[in-house]
Amino acid sequence: MPEAIAATRPDTLVGATDWCTHPADLDVRRVRGTKTPGRAASESLKPDVVLASISTRAVQRLESLGIPVLAFDSDSHAQVHASLLRIGALLAVEL
C-alpha cells in the first residue's frame with residue numbers, strides 16, 4: 001500500500017518495509033519486514049498510524065507500544081479496494 005500513499009500524499013509516508021519496492025525511488029526509512037517490523041525503528045519514526053497487511057503478533061506488539069495500527073486483508077480485489085478506501089479516508093484523499 002505504500003504505492004498508493006506515495007502517489008497521493010508522499011509527505012505523509014515516513015517508513016516502509018524492506019519489501020516495499022514501489023515506487024522505485026521511495027526514499028523513506030526501512031523497518032524490516034511485514035511480520036517482523038523493527039521495534040526501535042517503528043518507535044523512533046513516531047508514526048501517526050502503521051498500515052499492516054494482516055493482523056499479526058507484530059501488529060499486537062506495535063499496538064502495545066501505543067502505536068495505532070490499521071490492519072487490512074488483501075486476499076481479494078474487494079478487500080484491497082476496501083483497504084484503499086480506508087487509507088484514502090485516513091489521509092483525507094479520494095482514491
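The exercises below work through a predicted model. Local features need pLDDT of at least 70 and side-chain atom pairs count only at pLDDT 80 or more, while totals for chains, interfaces and linings use all residues. Residues are numbered from 1 along each chain as its sequence is written, and side-chain values use heavy atoms, with hydrogens and water left out.

**Exercise 1. Backbone**

Find which peptide bond is cis, and state where Lys46 lies.

Step 1. The bond from His22 to Pro23 is cis, with omega near -5 degrees. Pro23 sits in the loop between β1 (15–16) and β2 (29–30). Helices (H or I, at least four residues) and strands (E, at least two) are DSSP runs, numbered from the N terminus.

Step 2. Lys46 belongs to the loop between α2 (39–45) and β3 (50–52). Its phi is positive, about 50 degrees, although Lys46 is not a glycine.

Step 3. For comparison, most residues other than glycine have a negative phi, and most peptide bonds are trans.

Step 4. Lys46 counts as exposed, at 67% relative accessibility. The classes are buried (under 20% relative accessible area), exposed (over 50%) and partly exposed in between, with a 1.4 Å probe and protein chains only.

**Exercise 2. Helix α3**

Determine which residues of α3 are buried and what they pack against.

Step 1. In α3 (residues 57–64), the buried residues are Ala58, Val59 and Leu62.

Step 2. Viewed down the axis of α3, these fall within an arc of 100 degrees, so they line one face of the helix. The arc is taken over the directions from the helix axis to the C-beta atoms.

Step 3. The face turned away from the buried side carries exposed Arg57 and Ser64.

Step 4. The buried residues pack against α2, β3 and β4 (69–71), contact meaning heavy atoms within 4.5 Å.

**Exercise 3. Nonpolar core**

State how many residues make up the largest nonpolar core.

Step 1. A nonpolar core is a set of buried Ala, Val, Leu, Ile, Met, Phe, Trp, Tyr and Cys residues joined through side-chain atoms within 4.5 Å.

Step 2. The largest has 11 residues, including Ile5, Leu13, Phe72 and Leu91. α1 (2–8) and α4 (77–91) each supply at least two of its residues.

Step 3. Another core, of six residues, lies apart from it; among them are Ala52 and Val59.

**Exercise 4. Salt bridge**

Identify which residue forms a salt bridge with Arg9.

Step 1. A salt bridge is a side-chain nitrogen of Lys or Arg within 4 Å of a carboxyl oxygen of Asp or Glu.

Step 2. The structure holds one: Arg9 pairs with Asp11, the closest N and O atoms being 3.6 Å apart.

Step 3. Arg9 is partly exposed at 26%, and Asp11 is exposed at 61%.
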